[in-house]
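Please look over the model below alongside these notes.

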Amino acid sequence: MIASVFNVIGDVLSSEAMYNSAVRFAIVLAFAATGEWVAEKAGTLNISIEAMMIGGAYTSAAVFTATDTVPVALLAGVAAGVVVALIQAHLSHQLTIDQFVVGLTLNLFVLGLALFLDSRWKAVTSVVKPTKILLLSEIPFLGEALFGQPWPMYLIVPIVPAAWWLVFRTRWGLEVRAVGDSPQAADVSGIHVNRRRRESIMVAGACAGLGGGVLVLGQISISGYEAGHVGLKGIIAIAAVIFGGWTLRGTIIGCALFGYFFALQLTLPVLGHRINPQLAASLPYVVALTVTAVFATRTRQPRALAQPFVRGLT
Amino acid sequence: MRAPDAAVIRRGLKVTGMYVVSIAVALSLSAGLIAITGGPWRKVLSALLDGSIRNPGRWGGTLAEAAPLLIVALGAIISTRAGLVNIGQEGQVAVGAALAAFVATRGSGPLVLVAAIAAGFIGGALWAGIAALLRFWRNVPEVISTLLLVFIAAQATGYLLTRTFLLLDSDPNKPNRVQTSAQLDSATRIGRVRLFGNEFPWSVPVALLLAIAVALLLHRSVWGFRLTVLGRNPRTAQRIGVPVVVAGAAALAISGAMAGLAGAAMLAGGTANYRYTPGFANSVGWEGLLVALVARNRPLVCLPTAFIFASLRTGSGFLAATGVERSIVDVVRALLVLALLVPPAVAAVQRRRVSPPPAAAAAEEPTVIMGATA
């Protein structure tokens, strides 16, 4: 029994396919998680990140079917994410409807809409060929995973530092952090609290929409839009933010961790190990739940997280 | 009784007007969507009406669908009252139904039925209890944990259906190859009411009574008052002696228990031909939650809302003839929910802009702010 467990671990650690798949899942999660991190810094626990990913995924796939150009498809995905974000932002931070109510309704709405549109305009995609970076992709084990992915995956490389710079090195970012920690103080010092929150949700929408696009265009084995592809990955991205204790570095590590478990579910059967399919499928979600339980109290979250701001109230 | 002054009447008319406009916008957006994709929207509307009310024997079916939605919604209201956002009803329904099936397929007779329904209730409570535990022990937002538990519930109940000693039907002559549980014995089923050529299970009138009971409990009992204080201001609640953690965890567990109860009632009331099947919950959890949101957490308003949502469910069965995918119903439903959320919010914003005279302000229902407990 113990020997076989070691056998499995050894197989998994030495499998290039495993690393490849894990990195791809991690990158897709990282797009959404980076956006979500910005929104949470401003004080919104944005559960419609799921809807933004679904919107981005379907729109990218559909536009790719029509135009056959990857950049246009990805841009369309971003646009779809931003549209969802616009609805979320204005309903929750202008009309001050409860943000979870709006988020949940949007998740169900976009899921249904994508399903309906897909039944009419079938979105079919073909895989973008991996770009192998010379020499670096020859490194054993991790080489191909890190330096031999389809090019849309590499968009994560500029986006993460850009998000960090935006939040920690610009006036806008300073205001976003102020709004997330102490909206009342931010308000009296002349910051438009709800406007900053709305803008940060737009950032989340753009990132998550792009993530959805990368999911359908950059993943091997995906040949079109399917409802299950996003399958709560947005919520897992939120779990990654919690895991990271609201730091960007930790968030990305969280994405890597969850990506690994998503990959495990795909690779174990390929490597010839029998694993209970239900257990394998629920593994990333169980891990996400456990990990948030361990880390949720560890660090300070934005103090006004998930609290609506209405001037004059409290 | 003081005669309402002109400003109040004007405001009421304005809100009503906004409701009419936003519902009209939602419906015309849906019609537009059907039209763009080349479907006949008039036929869709008429198919929905035929399937839900107009055709003989259909409104009984709609009532039968409405009962679980209503029960789920009542549970959602209880947790929302306490300021906790339980959005994992879909999983709680599945777990409740699975446990009910586990008990119900072990015997037959009315006692087993009662035990099965209790099992459903407990199953839902336990599943939501995980989220409650994580919320109060480890500070995990219940929004996230309940959602993740939906997915885990689907897999866990799926696992139960792969083993004959758990749920899988061991009968070699079972009707098809889909993995389902054994059928409930006819003595273990909820009886059916026959009325004007329609029939529905007894769970429908029971759900109606439950709605009244929940309304009374929330608005007229000390327990309900405590929950309300807890939801609006946890600090005040603590000062007046409400055990914040116990009451909050109980509210979350009870909301899950109601969802589990709905699952058990569906199983014993004839959903999926008295068998537990993969995907048994079939969005009842999500839709029940939406019912509560649209009713803005008032139990009695849930009655008509649940019926309307159930009409969309039963009506969608008639859509095949029109050639439009039934997933259009999901879109219409979500648009309707968004449309119904907007007018009260707009009214609240306007009220804040023009600060009202004190008398009118006192008469207004204070805005409930959900999720303000963090």
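1. Burial first: a residue is buried if 20 or more other C-beta atoms lie within 10 Å of its own, exposed if 12 or fewer, and partly exposed in between, with C-beta atoms placed from the backbone. This is a predicted model; local features need pLDDT of at least 70, side-chain atom pairs count only at pLDDT 80 or more, and totals for chains, interfaces and linings use all residues. Residues are numbered from 1 along each chain as its sequence is written, while chains are lettered from A and ligands numbered from 1 in the order in which they are written.

2. Helix H12 of chain B covers residues 302–316. Helices (H or I, at least four residues) and strands (E, at least two) are DSSP runs, numbered from the N terminus. Eleven of the 15 residues in H12(B) are buried. Among them are Cys302(B), Phe309(B), Leu312(B) and Arg313(B). The cover includes H2, H3, H7, H11 and H13 of chain B. Contact here means C-beta atoms, placed from the backbone, within 7 Å.

3. What span should H12(B) have at 1.5 Å a residue? The expected span is 1.5 Å times one less than the number of residues. That gives 21 Å for H12(B), and its end C-alpha atoms are 21 Å apart, which agrees.

4. In chain A, helix H3 (residues 49–67) packs on helix H10 (residues 193–218) at about 50°, with axes 7 Å apart. Axes are lines fitted to C-alpha atoms, for helices over the stretch in contact, and angles run from 0 to 180 degrees between N-to-C directions. H3(A) is therefore oblique to H10(A). Angles under 35 degrees count as roughly parallel, over 145 as roughly antiparallel, 65 to 115 as roughly perpendicular and the rest as oblique. The contact has 13 nonpolar, eight polar and no charged residues. Ala, Val, Leu, Ile, Met, Phe, Trp, Tyr, Cys and Pro count as nonpolar, Asp, Glu, Lys and Arg as charged, and the others, Gly among them, as polar.

5. In chain B, the axes of H8 (residues 222–232) and H10 (residues 244–269) come within 11 Å and cross at roughly 100°. That makes H8(B) roughly perpendicular to H10(B). Arg226(B), Leu227(B) and Leu230(B) of H8(B) meet Val244(B), Ala247(B), Gly248(B) and Ala251(B) of H10(B).

6. The contact between chains takes 38 residues from chain A and 41 from chain B. On the chain A side, H5(A) gives the largest share, 13 residues. That side divides into 26 nonpolar, ten polar and two charged residues.

Technical notes:
Contact = placed C-beta atoms within 7 Å.
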